[in-house]
Each structure stands twice: as C-alpha cells, then as structure tokens.
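Please look through the sequence and the model below before reading on.

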Amino acid sequence: MKIAFFELEEWEKDYIQQNLKEWQLEFIDGTLTRETAAKAKYCDAAAVFIYSKIDKAVLEKLPKLKFIATMSTGYDHIDVVAAKKRKVTVSNVPTYGENTVAEHTFALILALSRKIAESAERTRHGDFTLEGLRGFDLKGKTIGVIGTGHIGMHVIRIAKGFEMNVVAFDVKKELAAAKKLGFKYADFDSLLQKSDIITLHCPYNKATHHLINNGNIGKVKKGAMLINTARGGLVETRALLRALDNGTIVAAGLDVLEEECNIKEEKQLLSKDFEKECDLKTMLGNHMLLNHKNVIITPHNAFNSKEALVRILSMTIENIKAFEKKKPINIVS
Ligand code: NAI
C-alpha cells in the first residue's frame with residue numbers, strides 16, 4: 001500500500017518512517033488540496049490533519065484512494081458522504097490525551113493550593129520568607145467534576161489518589177464506574193454547593209454555553225476554586241470576575257478562556273496556519289483575568305505533552321495497519 005502523509009512536522013515524518021518501514025511512504029508538505037492531490041495520485045491511502053479539506057473534487061483527483069486516516073479527533077474537514085459513495089473508508093483518533101489533560105488539571109490545582117507561582121517568583125528574587133504562602137491540603141477536600149468522559153474520569157482517578165471526596169455531574173451517568181472508583185453523581189446545583197474545587201470536563205456547545213454564569217455562580221460554596229481545562233465558553237467571564245472579587249471563588253486555574261478563537265482541535269494551536277488566523281495574545285491581553293492575583297492561566301497547553309502527540313501518530317499507524325489487514329478500526333465513515 002502506498003500512503004501519502006500531509007501536514008507533518010519533521011519529527012513526525014521521522015516517527016512515521018521508523019514505524020512504517022514496510023510501506024511505501026510519500027511525505028507531501030502542506031495540506032491536501034485540489035492542487036496538491038496530483039502528487040498523491042498513485043496513493044491508496046492519505047493521512048491528513050484538519051487543514052486538508054477533502055471534498056468530492058479532491059476525491060476525484062485520487063482515483064486509487066481507498067482509505068483516509070485523519071490525525072485528529074474531529075473529521076468535519078472530510079466530506080464523509082462523498083467518501084462513502086467512493087468506497088473510501090475514513091478513520092480518526094478518538095482520544096489521545098485523557099491523562100495528559102487530567103495531569104494538567106492537577107498541575108493547576110496544586111499550583112493554586114500550594115501557591116507555587118508566587119513562591120517561585122519570590123525565591124527567584126532571593127526572598128525565602130513564607131509570609132502569605134500558606135496553602136491547603138487536597139486530602140479530605142471535595143472535588144466536583146463536571147463531565148465524566150475520558151478526561152473527567154481520569155481526573156477522578158487522580159483525585160482518589162489524593163484521598164479527595166469526589167462528586168460528579170454529567171448528563172449521562174456512568175454508574176458502574178462510579179461504583180468502581182468510589183464517587184457519587186449529584187445534581188448540578190448541589191455539586192456547586194458541596195465542592196471545594198470545581199473542575200470542568202464537558203464539551204462546549206449551545207447547551208453548555210456559560211454553564212457557570214451570573215445566575216448560578218452565587219450557589220458555589222464560598223471560598224471554592226474553579227478549574228477550566230475544557231473550553232472558555234463554559235464560564236461567563238464577567239461572572240467569574242465578580243465571584244473572584246466578592247470571595248465566592250478564591251482562586252481559578254484556567255487553560256482556556258472565552259474569545260479564544262474557534263478552536264476545534266488542540267493540535268491546531270501548534271500549526272503555523274492557526275497563528276495566521278488568530279492572535280491569541282491580543283485577545284488574552286483584553287482579559288482582566290490575566291492580571292488577577294488569584295488566577296493562574298496557561299495558554300491552552302493542557303494537551304501539549306510529547307507523549308500525547310506521539311499517541312496521535314501511533315494511533316494513526318494502528319488505523320492504517322488495521323485497514324490493511326481488512327479489520328479497520330476507529331471508522332467514522
Ligand atoms: P468526552 O466526550 O470523553 O467527555 C465529555 C463528557 O461530558 C461526556 O461524559 C458527556 O456526557 C459530558 N457532557 C456533555 N454535555 C454535558 C453537560 N451539559 N453537562 C455535563 N456533562 C456533559 O470528552 P473528553 O475527551 O473527556 O474531553 C472533555 C473536553 O475537554 C472536550 O470537550 C474539550 O473541550 C476539552 N479538551 C481540552 C484540551 C486542552 O488542551 N485544554 C484537550 C482535549 C480536550
């Protein structure tokens with residue numbers, strides 16, 4: 001089988017070469033378009049990221065194509081109906097970073113609970129005093145996890161390691177997992193009322209827009225911490241600022257902010273094309289949150305570990321090998 005890879009960085013090409021030695025590989029710089037398709041004319045498979053818009057016209061230029069492996073979770077850059085008509089199978093990478101994002105969630109929690117940023121800043125200036133640096137234990141505290149999918153469930157496993165109490169809210173309850181891991185589901189309002197730390201792990205959509213808002217932020221337990229590594233739009237920024245000012249929320253750890261541009265897929269943030277479309281820094285600069293002393297912000301970096309990026313490639317390789325063995329996996333069309 002001959003495979004054309006698009007949109008890869010040099011280290012990714014090396015990884016693919018090392019791990020697909022027995023295959024005929026074609027590395028094509030840039031995206032798969034009507035123009036670049038000619039370079040992949042003789043390929044049986046194509047591996048792409050989300051900037052390759054694969055429509056009917058592109059498919060027509062690839063007469064031998066039988067398989068598309070998208071190196072992303074989302075696949076709306078591919079016309080799956082047209083692919084199906086052409087008998088082209090499409091597979092994706094359904095998950096690659098559940099532990100990665102969960103670990104970052106705890107990096108934010110611990111940075112706030114032990115005042116790590118402030119402490120490091122102080123010692124950097126030769127000041128080793130402890131005044132104002134007293135933190136608090138996680139053991140025995142209640143963490144409220146909103147969204148118990150891949151990431152939320154991993155957060156719960158880590159929280160259990162810290163001997164925390166866990167309450168969770170999800171529109172779809174995983175009761176067997178709750179029993180196994182020892183946590184309880186609660187309704188949304190009682191999660192807000194009970195939790196010392198609230199952490200968000202649900203998708204952003206019409207139903208979850210401003211899930212935490214001016215109307216309900218008052219229900220949060222006084223002195224709680226809010227962590228958001230999911231999507232900025234889940235939290236109404238004005239409501240959070242007000243809650244920080246009146247002490248309802250004492251600290252916030254945010255990897256994502258509102259108005260962060262239209263991010264579909266985290267790996268997009270590493271792409272040069274993304275930088276062209278979007279200036280995160282300017283938008284972040286507008287946020288009062290950035291300068292708030294009890295807020296710690298990371299630049300949508302929770303997904304960005306070496307291992308998570310390698311997992312995207314290794315899952316893509318597994319997808320290709322499975323297709324070749326006529327036992328395709330992770331099929332979306
Ligand atoms: P997932 O699809 O495995 O889990 C999402 C969970 O949220 C599901 O259990 C679903 O039932 C639940 N849910 C849906 N609507 C809900 C609602 N209205 N209220 C409560 N729960 C609801 O997704 P996964 O992989 O755990 O990712 C969670 C989110 O994390 C993603 O949607 C994405 O926005 C974000 N993310 C952030 C990254 C970063 O670098 N900061 C990296 C990867 C994902």
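The paragraphs that follow treat the domains, the interface, the salt bridges and the ligand site.

This is a predicted model, and its protein chain is divided into two parts: domain 1, which comprises residues 2-96 together with 307-324, and domain 2, which covers residues 98-304. Taken over C-alpha atoms, the centres of domain 1 and domain 2 are separated by 34 Å, and the contact between the two draws on 15 residues from domain 1 and 16 residues from domain 2.

Between them, domain 1 and domain 2 bury about 1,300 Å², and carbon and sulfur atoms carry 52% of that area. On the side of domain 1, the residues that lose the most area to domain 2 are Tyr 51, Tyr 96 and Leu 309, which together account for 39% of what that side buries.

Turning to polar interactions, four residue pairs are in polar contact between domain 1 and domain 2, counting pairs in which both residues have pLDDT 80 or more. In the side of domain 1 that touches domain 2, the greatest contribution comes from helix H12 (residues 306-324), which supplies four residues. By residue class, that side of domain 1 divides into seven nonpolar, four polar and four charged residues.

How many salt bridges does the rule find across the interface of domain 1 and domain 2? The rule finds one there, whereas the count of salt bridges by this rule comes to 14. Glu 12 and Lys 267 form a salt bridge through their side chains, with an N to O distance of 2.9 Å. This pair links distant parts of the chain, since Glu 12 belongs to helix H1 (residues 10-19) while Lys 267 sits in the loop between strand S11 (249-254) and helix H10 (272-277), and the two residues are 255 residues apart.

The ligand site remains to be described. There are 22 residues around the ligand, of which His 150, Ile 151, Asp 170, Thr 229 and Phe 303 come nearest. For Ile 151, a backbone N or O atom lies 2.8 Å from an oxygen atom of the ligand, and for Asp 170, an N or O atom in the side chain is 2.7 Å from an oxygen atom of the ligand. Thr 229 has a polar backbone atom that is 2.9 Å from a nitrogen atom of the ligand.

Conventions:
Residues are numbered from 1 along each chain as its sequence is written. This is a predicted model: local features need pLDDT of at least 70, side-chain atom pairs count only at pLDDT 80 or more; totals for chains, interfaces and linings use all residues. Side-chain values use heavy atoms; hydrogens and water are left out. Domain bounds come from an automatic or database domain assignment. Contact means heavy atoms within 4.5 Å. Buried area is the accessible area (1.4 Å probe) that two parts lose on being put together, summed over both. A salt bridge is a side-chain nitrogen of Lys or Arg within 4 Å of a carboxyl oxygen of Asp or Glu. A polar contact is a pair of N or O atoms within 3.5 Å; within protein, one must be able to donate a hydrogen and the other to accept it, and residues adjacent in sequence count only if both atoms are side-chain atoms. Ala, Val, Leu, Ile, Met, Phe, Trp, Tyr, Cys and Pro count as nonpolar, Asp, Glu, Lys and Arg as charged, and the others, Gly among them, as polar. A residue is near a molecule or strand if one of its heavy atoms lies within 4 Å of it.
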